[in-house]
Amino acid sequence: MMIAVVQVAALAVDASYITACPSSAQAFKTATLLKTLNVNALITGEVGVGKRSLAHYILPDAPIFDASNYDELLATLDSVAKVIITNIENSPNIKKVLDILSSKNIRVVATAKNSYYNRDADKFFSVKFEIPSLRERPEDVEELTQKFIKEASLLFCSKDEFKVKNFKPDLSQNSNSLRRQIMINYLLQDIREDELMEILQNYLTEKLGSNNDYKKFLHLYEVPLIRAGLERFKSQLQLSDKLGLNRNTLRKKMADNINYL
């Protein structure tokens with residue numbers, strides 16, 4: 001069986017692909033070609049890069065199972081002609097699954113983390129995709145940011161612009177973290193004081209319980225206050241004056257919260 005390793009950069013959101021990067025555009029062409037070929041494919045990459053979405057694009061009518069749902073997956077393989085298996089690194093017995101797929105001639109598109117390697121899987125899958133992280137695809141990040149902003153505007157029934165200053169995309173989990181970041185920022189940009197206090201109250205209700213809670217949670221107030229003050233006034237001297245603190249007190253508070261600043 002010929003092994004084809006294809007480096008791709010694609011991200012699917014709501015069944016549409018972001019193709020601002022040349023590699024993303026090429027990936028879409030490759031995925032479109034695979035829709036017409038009866039081959040088994042393995043898609044690898046970090047969380048949130050679009051592995052599952054790309055698999056669904058290739059096999060739109062196939063049932064989707066996480067490999068950790070072992071018994072359910074095995075039962076399903078008795079009655080399907082094609083299947084999508086996500087997170088195959090979580091399978092308790094991938095060799096048995098692959099043997100069944102092969103014996104029943106079931107077409108499969110599977111996903112796995114980018115560091116995944118298994119000798120049986122390496123032999124089974126004739127085409128392999130590795131989807132790079134969004135950190136390597138800045139053009140796609142810009143497109144996704146605008147897409148998620150529109151999504152947030154519709155979700156919250158708002159026509160307000162996205163007003164977060166110095167926005168730095170959170171790509172720690174690729175599109176997952178970016179979408180979450182935009183949703184939270186969009187929700188909070190016009191939040192009222194009573195709503196903010198309610199959020200903190202709900203958070204603290206679950207967390208309180210030790211004998212030193214006041215000191216333990218004081219940073220929730222002090223850190224954003226210091227951050228905002230430094231961003232607005234640009235110097236510790238001006239900030240200490242605006243807060244009504246002497247510089248030594250401000251420096252001590254900054255030292256106490258150094259892990260958060």
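Me: What are the ground rules for the model and its numbering?
Reply: The model is predicted, so local features need pLDDT of at least 70 and side-chain atom pairs count only at pLDDT 80 or more, while totals for chains, interfaces and linings use all residues. Residues are numbered from 1 along each chain as its sequence is written, and side-chain values use heavy atoms, with hydrogens and water left out.

Me: How many residues does helix 10 have?
Reply: Helix 10 has 15, residues 219-233. Helices are DSSP runs (H or I, at least four residues), numbered from the N terminus.

Me: Which of them are buried?
Reply: His219, Glu222, Val223, Ile226 and Gly229. Buried means under 20% relative accessible area, exposed over 50%, partly exposed in between (1.4 Å probe, protein chains only). Seen down the axis, the buried residues of helix 10 fall within an arc of 140 degrees, so they line one face. The arc is taken from the directions from the helix axis to the C-beta atoms.

Me: And which exposed residues sit on the face turned away?
Reply: Tyr221 and Arg232.

Me: What comes just after helix 10?
Reply: Lysine 234, with a positive phi of about 70 degrees.

Me: Switching topic. At what angle do helix 6 and helix 7 pack?
Reply: About 45 degrees, with their axes 9 Å apart. Axes are lines fitted to C-alpha atoms over the stretch in contact (heavy atoms within 4.5 Å); angles run from 0 to 180 degrees between N-to-C directions.

Me: Which residues of helix 7 make the contact?
Reply: Ser175, Leu178, Arg179, Ile182, Met183 and Tyr186. Among their partners in helix 6 are Phe148 and Ile149.

Key
Helix = DSSP H or I, 4+ residues; strand = E, 2+ residues; numbered from the N terminus. Expected span 1.5 Å × (residues − 1).
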